[in-house]
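User: I have a protein to look at today. Can you walk me through it?

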Amino acid sequence: MKIKTALIVLAILVAAAFTLGMTGVFTPSTNDNEETGSVEPDRPIGYLILRSDAGAFSKEDDGTVFARRVEVDPQDGTPSYPDYVFDIDRAYGIYEYLENDCNYLHVDPQLSNASSRYDIRLLDNDSKEEFFHFEANLQMVDDSVLCTVNTVYQKADGQVYARLDGETVAPSDMSSMQAGGDSYITYNANVRCEDGNSYKEYTCELVFRFLTGKLPDQICVMEYDADGACINVSEFTADSFPEEGYVPDSRCAFIIQETASGENTKRELLEKGAYDIRALAKEEDGVFIEKSCEISW
């Protein structure tokens, strides 16, 4: 999934507080900008999640692995766009890279329920604060698989890389935090560069959930009219869940999606205008991946 977003200027930086944080100790390099005489730090732009059973791949002696720049030509007729990909099997990235003054979001399909937020604040003294926030789930079949969560950086010249010195996480780490609510770990990376009376500060964080489970036994889509009366019910399994599109009744005002897996049942409200119905409905290389079914209201 790649999403192009315009660069937001003078947005208000919104800070989020979480109960558990992990901060990397790696300090990225800086690059001298000959045009302005300033120092440009390598910006933290997201995260690369590397499985313990990943295949062999090339990396530098210090653990740095560079992403490869590619040009993507969509099949739906939309314009082509650049992307930065890591040539590592069983590694999943979520990061937002800068290209020609636009941010592009890269999310690998194995990261379910992924979301991102980007804020930038420009101050009067030429100072700059940039903030990325990501949330993602990785739902595995095998609870013995470990993952390391590594920060992804972008150089001033556009190069994207990850330094593979991140924290290791396992499903057992998550289960130990379930008391009192959802289980997650928050990772933080911060880079600050002073330049005379001004500064540049870049912050990136990921709320990460590493889960195990199984494909849903049943996915039930219930349609309701404006008075709250149920007017249609469609039932699917993981195999029969559609990807070609879903057309509700013309009287439908909202949908309740009910997903049952074993003894657990999850319900989600989809109000009129919601873009799609999503469900973890297929397995690929030991990871459960979402199917997305576009709603034609």
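User: What does the accessible surface of the protein chain come to, and what share belongs to carbon and sulfur atoms?

Analyst: The surface is about 15500 Å², and 45% of that belongs to carbon and sulfur atoms. Accessible areas come from the Shrake-Rupley method with a 1.4 Å probe; for residues, only the protein chains shown count as cover.

User: What should I know about the source?

Analyst: This is a predicted model: local features need pLDDT of at least 70, side-chain atom pairs count only at pLDDT 80 or more, and totals for chains, interfaces and linings use all residues. Residues are numbered from 1 along each chain as its sequence is written, and side-chain values use heavy atoms, leaving out hydrogens and water.

User: How many helices and strands does the protein chain have?

Analyst: One helix and 23 strands. Both are DSSP runs, numbered from the N terminus: helices are H or I with at least four residues, strands are E with at least two.

User: What percentage of the residues count as buried?

Analyst: Of the 297 residues, 46% do. Buried means under 20% relative accessible area, exposed over 50%, partly exposed in between (1.4 Å probe, protein chains only).

User: New topic. How many aromatic pairs are there?

Analyst: The count is 12. Rings of Phe, Tyr and Trp (its six-membered ring) pair if their centres lie within 6.5 Å; planes under 30 degrees apart are stacked, over 60 edge-to-face, the rest tilted.

User: Why does the pair Phe66 and Tyr161 count as tilted?

Analyst: Their planes are at 50°, so the pair is tilted; the centres are 5.7 Å apart. Phe66 is in strand β6 and Tyr161 in strand β14, 95 residues apart, and the pair links distant parts of the chain.

User: Is each one buried or partly exposed?

Analyst: Phe66 is partly exposed at 33% relative accessibility. Tyr161 is buried, at 3%.

User: Which residues do ring pairs link into a cluster?

Analyst: Tyr84, Phe86, Tyr95, Tyr97 and Tyr104. Tyr95 is buried at 0% relative accessibility, and Tyr97 is buried at 0% as well.

User: Now the sheet. In what order do the four strands of the open sheet run?

Analyst: The order is β19-β18-β20-β21, with antiparallel pairing. Two strands pair if DSSP finds at least two bridges between them.

User: Which strands are at the edges?

Analyst: β19 (230–236) and β21 (264–271), each pairing on one side only.

User: How many bridges join β18 and β20?

Analyst: Seven, in the antiparallel sense. Glu223 stands opposite Ile255 in β20.
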